[in-house]
Amino acid sequence: MKTTGYETKTHAVPTKRYCQTLDLKNDPKLIEEYVKRHGEQASWPEIRAGIRSVGILEMELYLLDNRLFMIVETPLDFDWDEAFARLAALPRQQEWEDYMSVFQDVQPNATSAEKWKQMQRIFRLYE
C-alpha cells in the first residue's frame, strides 16, 4: 500500500474530473489477475490509444478490496456521452470489455456506461 501519495500530471489546458466506481467479484485470485491485466506490460496498447483518441487526458484506477475507483481527467469541453459512444465503436474495445467482464460484478453484456457508476462529489476544500 502506497502511503506517500501519487503524483499527478499538469495539463496544458483547464481540466475537469469524472469519478466512477465498479465492484469486482470478491475473489482474491480474480482480483489479482484483473490487476495484472491492467499493468503497463499487459494492458492493450490499442485500448490506451483509444482512450486518448476520444479526448481523455488521464485515467487512473484505484483498488480497495474488490471496489474499484476510477478518475478520468478531461478538457473542460469534453462531452462524456459522445466520447464514450465513440470509444465503444473503436476496434477491439468490445473485445477488451468482454475480456475484463469475467472479473467484474456486473450483468452479462453490460456496456461500460452500465458497469461504471458516476460518483457524486460531496466535499472539497472550497476556496
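Which residues does His-11 touch, not counting residues up to four places away in sequence? They are Leu-57, Glu-58 and Glu-73, where a contact means heavy atoms within 4.5 Å. His-11 itself is found in the segment before β1, and its C-alpha atom is separated by 21 Å from that of Phe-84, 73 residues apart along the chain.

## Basis of the model

This is a predicted model, in which local features need pLDDT of at least 70 and side-chain atom pairs count only at pLDDT 80 or more, while totals for chains, interfaces and linings use all residues. Residues are numbered from 1 along each chain as its sequence is written, and side-chain values use heavy atoms, with hydrogens and water left out.

## Overall architecture

The chain has five helices and four strands. Helices (H or I, at least four residues) and strands (E, at least two) are DSSP runs, numbered from the N terminus. Along the sequence these elements follow the pattern β-α-α-β-β-α-α-α-β.

Along the principal axes, the C-alpha atoms fill a box of roughly 45 × 35 × 30 Å. Of the contacts between residues at least 6 apart in sequence, 75% join residues at least 24 apart.

## Surface and charge

The accessible surface of the chain comes to about 9,200 Å², and 53% of it belongs to carbon and sulfur atoms. Accessible areas come from the Shrake-Rupley method with a 1.4 Å probe; for residues, only the protein chains shown count as cover. Of the 127 residues, 30% count as buried (under 20% relative accessible area, with exposed over 50% and partly exposed in between; 1.4 Å probe, protein chains only).

There are 17 positive and 21 negative side chains, and the centres of the two sets lie 2 Å apart. Lys and Arg count as positive and Asp and Glu as negative, whereas His and the chain ends are not counted. The place of a charge is taken as NZ of Lys, CZ of Arg, CG of Asp or CD of Glu.

## The nonpolar core

The largest nonpolar core has 22 residues, and those with the most contacts inside it are Leu-24, Tyr-34, Ile-56 and Phe-78. At least two residues of this core are supplied by each of β1 (15–23), α1 (28–37), α2 (45–53), β3 (67–75), α3 (80–88) and α4 (93–101). The largest share, four residues, comes from α3. Such a core is a set of buried Ala, Val, Leu, Ile, Met, Phe, Trp, Tyr and Cys residues joined through side-chain atoms within 4.5 Å.

Leaving aside neighbours within four places in sequence, Tyr-34 is in contact with Leu-24, Leu-61, Leu-68, Met-100, Phe-103, Gln-104 and Trp-116.

## Individual residues

Ile-31 is found in helix α1 and is buried, with a relative accessible area of 11%. Not counting residues up to four places away in sequence, Ile-31 touches Leu-24, Lys-25, Leu-63, Asp-65 and Asn-66.

Asp-65 is found in the loop between β2 (58–64) and β3. Although not a glycine, Asp-65 has a positive phi of about 55°, and this residue counts as exposed because its relative accessibility is 61%. Arg-92 lies in the loop between α3 and α4. Its phi is near 75°, a positive value in a residue other than glycine. With a relative accessible area of 32%, Arg-92 is partly exposed.
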